[in-house]
Amino acid sequence: IAVRMPGVSLTREELIDRMARYIGALRSEGAKPGDRIAVVTAPRIETVIALLGNLAGGFVSVPLNPAL
């Protein structure tokens, strides 16, 4: 298990697959390495995928706190 959160866990392969799909979606919208990508920081598996995907894709994460 690469990521475990309450109610969900992902293997390494599942995490890499979801990160690749996330990166592909960003690139299809025109994002390129070095671009800033906003990420809502919430305790969810999607947040982990977005932060790691941004790192792997060469994007810059801009964390947004939904409580503010």
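Trainee: Which residues does Asn54 touch, not counting residues up to four places away in sequence?

Mentor: Asn54 touches Tyr22, Leu26, Ile37, Val39, Phe59 and Ser61. Contact means heavy atoms within 4.5 Å.

Trainee: Where is the place of Asn54?

Mentor: In helix H2. Helices (H or I, at least four residues) and strands (E, at least two) are DSSP runs, numbered from the N terminus.

Trainee: Does Asn54 count as buried or exposed?

Mentor: Buried, at 0% relative accessibility. Buried means under 20% relative accessible area, exposed over 50%, and partly exposed in between (1.4 Å probe, protein chains only).

Trainee: What sort of model is this?

Mentor: This is a predicted model: local features need pLDDT of at least 70, side-chain atom pairs count only at pLDDT 80 or more, and totals for chains, interfaces and linings use all residues. Residues are numbered from 1 along each chain as its sequence is written, and side-chain values use heavy atoms, with hydrogens and water left out.

Trainee: What is the mean pLDDT of the chain?

Mentor: The mean is 96, and 100% of the residues reach 70 or more. pLDDT is the predictor's confidence in each residue, from 0 to 100.

Trainee: Where is confidence lowest, and where is it highest?

Mentor: Lowest in strand E1 (residues 3–5), at a mean of 94. Highest in helix H1 (residues 12–28), at 98.

Trainee: On to H1. How many residues has it, and what is its reach from first C-alpha to last?

Mentor: H1 has 17 residues and reaches 24 Å, close to the 24 Å expected at 1.5 Å a residue. The expected span is 1.5 Å times one less than the number of residues.

Trainee: Which residues in H1 are buried?

Mentor: Leu15, Met19, Ile23 and Leu26. They sit on the same side of H1 because they cover an arc of only 65° around the axis. That arc is taken from the directions from the helix axis to the C-beta atoms.

Trainee: What covers the buried residues of H1?

Mentor: The cover includes E1, strand E2 (8–10), strand E3 (36–40) and helix H2 (45–57).

Trainee: And which exposed residues are on the face turned away?

Mentor: That face carries Glu13, Arg21 and Ser28. Just after H1, Gly30 takes a positive phi of about 100°.

Trainee: New topic. How many salt bridges does the structure hold?

Mentor: It holds 3. A salt bridge is a side-chain nitrogen of Lys or Arg within 4 Å of a carboxyl oxygen of Asp or Glu. Arg21 meets Asp17 at 3.2 Å, N to O. Lys32 meets Asp35 at 3.8 Å. Glu46 meets Arg44 at 3.6 Å.

Trainee: How are Arg21 and Asp17 placed in helix H1?

Mentor: They are 4 residues apart, so about one helical turn separates them. Arg21 is exposed, with a relative accessible area of 52%. Asp17 counts as partly exposed, at 40%.

Trainee: Last one. Which residues make up the largest nonpolar core?

Mentor: Val3, Leu10, Leu15, Met19, Ile45 and Ile49, 6 residues in all. H1 and H2 are the elements that give two or more residues to this core. A nonpolar core is a set of buried Ala, Val, Leu, Ile, Met, Phe, Trp, Tyr and Cys residues joined through side-chain atoms within 4.5 Å.

Trainee: What does the second, separate core include?

Mentor: Leu26, Ala31, Ile37 and Phe59 are among its 5 residues.
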